[in-house]
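Biologist: Please take a close look at one part of this model for me, the place where the two chains meet, and tell me how it is put together.

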Protein chains: 2
Amino acid sequence: MGVEIERKFLVTDTGFLEGRQGERLIQGYLSHDRRATVRVRIEDQRAWLTLKGETRGARRSEFEYPIPVDDARAILAEMCAEGVIDKTRYRLPAGSATDGAGLEWEVDVFHGDNQGLVVAEIELRHEDQSVPRPDWLGEEVTDDPRFYNSALSRTPFCRW
Amino acid sequence: MGVEIERKFLVTDTGFLEGRQGERLIQGYLSHDRRATVRVRIEDQRAWLTLKGETRGARRSEFEYPIPVDDARAILAEMCAEGVIDKTRYRLPAGSATDGAGLEWEVDVFHGDNQGLVVAEIELRHEDQSVPRPDWLGEEVTDDPRFYNSALSRTPFCRW
């Protein structure tokens, strides 16, 4: 078990991603319960089942288990009630702020029904840790439930 | 991945369980979606996360993964939206029918809010396999959704 402390921002300009290599992530949700979301994710030849608890501020309990990719494909096809999320994730060091050394930006460029949406997340060590501010960083959306991936699978960006 | 072919019956008399050793099972549900239920179960010092697909007749897809017991306890406490199921499971050979050799009855004696309910399940190799009929076997309830454990966690027997 872990506790996630994560903040999420819009990305205003994606020029900084040019020439970078991302990873394609395919994921779906088995549960949208307020108390828990259950996610299956495939990244190349690996897959995980992830349970996330209720979000409290920027904190969230998380349990993650590796599963066979063939299981993940069958689960996505058979059990994921709504849309599947398809996105490319870029990882960038976020070491520019005073206490930002070792931090990392995860920038998600969405495809399919969420095309046009680009979001950057940073996982912090404690809730009041300051966040580095690269010039491509836009509005914070940590507390906006529309940007939860589980919400985007039900109500994708193209339908906003 | 597996496919479960399971039939479920009420138990009319529990005298045959006397002197037998059962296992205590504690379980809860993270999702009651029509397409998938997500169950966490603790049995002594072992625990599993189990995904079950939509029931079609007696068939149901199932994926099961062992997880640490401490995770399971935290998931039950934090993420299982409704009641937790508490029951003692007895396993009995069901070898009396012609093609029943190697089959097994799982007899669940429920506690807590489901006290008074006793159910027997048998997992078959194919859907038309004949089921042995011990004299304690009552009405078949395979197709009655009230007897799904996920339903019993929401609407326990004491509230019927």
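Modeller: A residue is called buried here if 20 or more other C-beta atoms lie within 10 Å of its own, and exposed if 12 or fewer do. With that in hand, and keeping in mind that this is a predicted model, helix 1 of chain B, residues 69–79, has B:Ala72, B:Ile75 and B:Met79 as its buried residues. Viewed down the axis of helix 1 of chain B, these buried residues fall within an arc of 80 degrees, so they line one face of the helix. On the face turned away from that buried side, helix 1 of chain B carries the exposed residues B:Asp70 and B:Ala77.

Turning to the interface itself, 20 residues of chain A are in contact with 20 residues of chain B. On chain A, at least two residues each are supplied by strand 2 (23–31), strand 3 (36–43), strand 4 (46–53), strand 5 (59–66) and helix 1 (69–79), and helix 1 of chain A gives the most, with 5 residues.

As for how the chains are arranged, chain A is superposed on chain B by a rotation of 180 degrees with 0.0 Å of shift along its axis, at an RMSD of 0.0 Å, which is the relation of a two-fold axis. Among the residues of chain A, A:Ser31 comes closest to the rotation axis, its C-alpha lying at 2.6 Å. Finally, 100% of the interface residues of chain A are also interface residues in chain B, so the copies meet through the same surface.

Methods. Residues numbered from 1 in each chain as written. Chains lettered and ligands numbered in written order. Predicted model: local features only at pLDDT ≥ 70, side-chain atom pairs only at ≥ 80, totals over all residues. Contact = placed C-beta atoms within 7 Å. Helix = DSSP H or I, 4+ residues; strand = E, 2+ residues; numbered from the N terminus. Arc of directions from axis to C-beta. Least-squares fit on C-alpha atoms with pLDDT ≥ 70 in both.
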